[in-house]
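I opened the model to look up a few backbone and packing details. My notes follow in the order in which I took them.

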Amino acid sequence: MKMNVTVPPAVTASRPRPAPSIMALTKSSSTPEDVSVLQRPVPELATGELLVQTLACGLCGSDVHAWRQDNGYEWVQSPVTLGHEAVGRVIACGPGVPEEWINRRVVPIAIDGCGNCDLCTPGTRQLCRSRSVLGLSFDGCASEKFSIPVHRAVPVDSALPAETLALTEPLSVAFHAVTRLEESLGKTSRVVISGPGPIGLMCALLLKDHGHSVTLIGAPRDEEQRLPLARTLGLETLLAGQPLPPNIVGWLEASGAPQALKTAISAVHPGGTIVMAGLFPSLPAVDVNVLARNEVRLLGSYGSVAQDYRDALAALEAAPERWRTLITTIPLSEGTRALQTAADAGALKVVLLP
Ligand SMILES: [Zn+2]
Ligand SMILES: [Zn+2]
């Protein structure tokens, strides 16, 4: 039987469509721990920008500092989506960007400068006076999608899992610090690394790969997880306060503990080098006269440059299984728990999966 059906008017057409939104780990204000997973609008693309679907995003010590609103992080913009240790797939190009970028996997450069000044031109863009930090100066990658200027995208041609590729940025930071130290060492030497967090552990592994005699020093709480993991990866470890090996020519400080820098200054061989790869939440009072009398070099290391990203990608490709052991994955929806886990040193490197 044929029925005469009256189609009701399309009510949905008159209803405003909700703007597309994404899940994002957001620091909402400068109040400590005011960070939660929120729905935020999909970023709108400006000229020269890429829209990237996040595949994985690691959490960093700096995300934890921003979450706690620690000293030295007053400049962080909020509201802001955290996260800078990411890998993703390009899904849209803003005006002026060639369509060939679509579908490419990219790792964003975390710290970048203006591109034109006396610091950027020779390649030290992370030192630029107008540098910006992804996920702290502007919205980062601990979200389902993020946008970046195309000059901040490092193309990744790799079949490695996304969570492993999320180590590219922290490993680039380790490469940068190790390069700073090795420029002063000359040949293979006895080196000590204080601080068995992700950067310290990565530096220790790279220095060991390069043939140095490496000792990694941690605090008693690091015996729960970090130092045993370091030993399974073939590193020699010590607890802070235990007798140090002789003839320490290089020291890489990655703990941010004032006492570690004091120990380094008193223990490094005359003519040796200390590289500071960590930031200190409270500033250490150290005996700088020892530096003068012993002609010890004290060098800073901050972020990384494009070559460090390429070195990091090659190192991940060469030994993916080793680097994978550093990772604990947590869903992006549990981003606040992930920050707590990273803060408690309950995992070596937390990687969020959208
Ligand atoms: Zn980082
Ligand atoms: Zn610049």
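I began with burial: a residue is buried if 20 or more other C-beta atoms lie within 10 Å of its own, exposed if 12 or fewer, and partly exposed in between, with C-beta atoms placed from the backbone. I noted that this is a predicted model, in which local features need pLDDT of at least 70, side-chain atom pairs count only at pLDDT 80 or more, and totals for chains, interfaces and linings use all residues. Residues are numbered from 1 along each chain as its sequence is written, and chains are lettered from A and ligands numbered from 1 in the order in which they are written.

Entry 1, backbone.
I kept in mind that most residues other than glycine have a negative phi, and most peptide bonds are trans. I looked up glutamate 33 and found phi near 65 degrees, a positive value. Glutamate 33 has 13 C-beta neighbours inside 10 Å, so I put it down as partly exposed. Its place is the loop between strand E1 (21–27) and strand E2 (35–41); helices (H or I, at least four residues) and strands (E, at least two) are DSSP runs, numbered from the N terminus.

I then looked up asparagine 247, where phi is positive too, near 55 degrees. Asparagine 247 sits in the loop between strand E13 (236–239) and strand E14 (248–253). With 11 C-beta neighbours inside 10 Å, asparagine 247 counts as exposed.

I checked omega from serine 78 to proline 79: the value is near 0 degrees, and the peptide bond is cis. Proline 79 belongs to the loop between helix H2 (61–68) and strand E4 (80–81).

I found 13 of the 18 residues of H4 buried, so the helix is largely enclosed by the rest of the structure. After H4 comes glycine 186, with a positive phi near 80 degrees.

I read an angle of about 115 degrees between H4 (residues 168–185) and H9 (residues 306–318), with their axes 8 Å apart. Axes are lines fitted to C-alpha atoms, for helices over the stretch in contact, and angles run from 0 to 180 degrees between N-to-C directions. H4 and H9 are therefore roughly perpendicular (65 to 115 degrees).

I listed the contacts (C-beta atoms, placed from the backbone, within 7 Å). On the H4 side they include Leu171, Phe175 and His176, and on the H9 side Tyr309, Ala312 and Leu316.

Note on methods:
Parallel < 35°, antiparallel > 145°, perpendicular 65-115°, else oblique. Contact = placed C-beta atoms within 7 Å.
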